[in-house]
Amino acid sequence: MKLPFWLRPVLFIAVLLAVWQVAIDRHPGQLLPAPTGVALGILDLIRHGLLLKYVVASLFRVTWGFGLAALTAIPLGLMLGWYRRGEMAFYPLVQVFRPISPLAWIPIAILWFGVGDLAAIFLIFVGCFFPLLLTAMSAVHNIPAVYINAGRNFGLSSSAFVSRVLYPAVVPQLLTGLRITLGIAWLVVVAAEMIAVSSGLGFLIVDARNAGNRYDLVVAGMVMIGVIGLLLDLVMRSLERVRSFHWSTSEG
Amino acid sequence: MASAEIVAEAAGTASKLRIQHLGKVFERDGEAVSALEDINFDVSAGEFICIVGPSGCGKSTLLNVLAGFLSSTSGSVTIDGEAVSGPDPRRIMVFQERGVFPWLTVEGNIAFGLSKLPRAEREERVAHYVQTVRLQGFENAYPSDLSGGMKQRLQVARALAVNPDILYLDEPFGALDSITRVIMRGELLRIWQSERRTILFVTHDIDEAVQLADRVVVLSSRPARIKDILTIDIPHPRNISSPRYLQLRDELLKQIGLAYEI
């Protein structure tokens, strides 16, 4: 029997939920809320209009932090990748900053921007900037020399060369880098919201615990984070499938 | 040779491409490695030149210098009396592999060098060269959907579309299977005979050279020097089992230093 591709994971999740429910029913305790409790928690959030508000707040921060990082890191990375001398000067600095967790920036972020959206956006920006910079740099290095020579051969101006050869040649790698980095942004926003702001899904989790140990809401928040992360990844993947974006150097 | 050159210049029919005392030295790990040494030859307009030599001898380096992708360390390359200083759309290189842009369709690739033309003229030119290389029906296909031979035809079409006076082909059929290679030779000859461009064709395939070229430039192993320039005085279509063909083929094999028997 051939199942639709989405049915298998859905069935698997249903089985896991059932096991979870049965386990909690048999051993009620404080370890974890039951799936029904979590579902009621989500309904509760929807009824109070909090779910949409928090999701929008989190997405707003991710959009700005991720967007600003993409707008700055990608052009800079492409430039550094192209001009090797610039890269040689920059690379050690990048490698020093890269292993610093974005969370280590939290005190600095609050010092500079206070408690609020700006601090959270800054943290996401920092978390996305270096991975994107490195992706863009290596994407340029990986352009087959043949494309560059072919492009130069037809007498393109520098700007035409960038838009018609350099940019399309790096798009597949950039998209993969953007997809992975968007995942990082989504991780960072939750952490940032636990400390730097008073809205969003990260705030929901901390707040639900602090305000009376509502673990059903904690898990509800976690579930929403997971589901939205999955949706973001699906959107990026569908971009990768666009025909003129998706080509690999092996089939060129 | 020297007297012929003087006569040609006096008559005002100087050659299309003139290579004089060309040398190229690479810097590798701080050491100077000589790739080309004292290369001299002239190519007249419309001529089909094959450049053969042992693999790694510097054939491709020579072509890259002629096309302006690499600069020479000594000597000069002039085309119509003008020194080559960089890549130029008047001379297009066809690469062995991956030469077409995978993010563009067949039409997009052919139109790549035509962005300055008015739309109607561009479309006409694209349609013409789709016909020339027999890719009708694949106008909107991406390179990943084309066979190796079709991709090479597409590269030739993209090159011809900008109306270059010289085509440089760097082992263009080297990655194709032997049957496709023979078909492609026929196609290239047909195109060359109808379009009459000057062609410089690098190959390591002796048969390919004798089948295609007016003259074959034989290079020595690294550093490449000219060993001999052989004129292939057989009219097209060439009978590849004629005594003259076999004689020239043997002569070339001997030049390259290969035995007659395996």
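In the predicted model, 15 residues of chain A are in contact with 18 residues of chain B, two residues being in contact if their C-beta atoms, placed from the backbone, lie within 7 Å. The most to the side of chain A that touches chain B comes from helix H7 of chain A (residues 145-153), with 6 residues; helices (H or I, at least four residues) and strands (E, at least two) are DSSP runs numbered from the N terminus. This side of chain A comprises 7 nonpolar, 5 polar and 3 charged residues, where Ala, Val, Leu, Ile, Met, Phe, Trp, Tyr, Cys and Pro count as nonpolar, Asp, Glu, Lys and Arg as charged, and the others, Gly among them, as polar. The model scores ipTM 0.85 and pTM 0.81.

Chain B contains 8 helices and 10 strands. Of the contacts in chain B between residues at least 6 apart in sequence, 69% join residues at least 24 apart.

The average pLDDT (the predictor's confidence in each residue, from 0 to 100) of chain B is 88, and 93% of the residues score at least 70. Over residues 1-12 of chain B, pLDDT stays under 50.

Residues are numbered from 1 along each chain as its sequence is written, and chains are lettered from A and ligands numbered from 1 in the order in which they are written. For this predicted model, local features need pLDDT of at least 70 and side-chain atom pairs count only at pLDDT 80 or more, whereas totals for chains, interfaces and linings use all residues.
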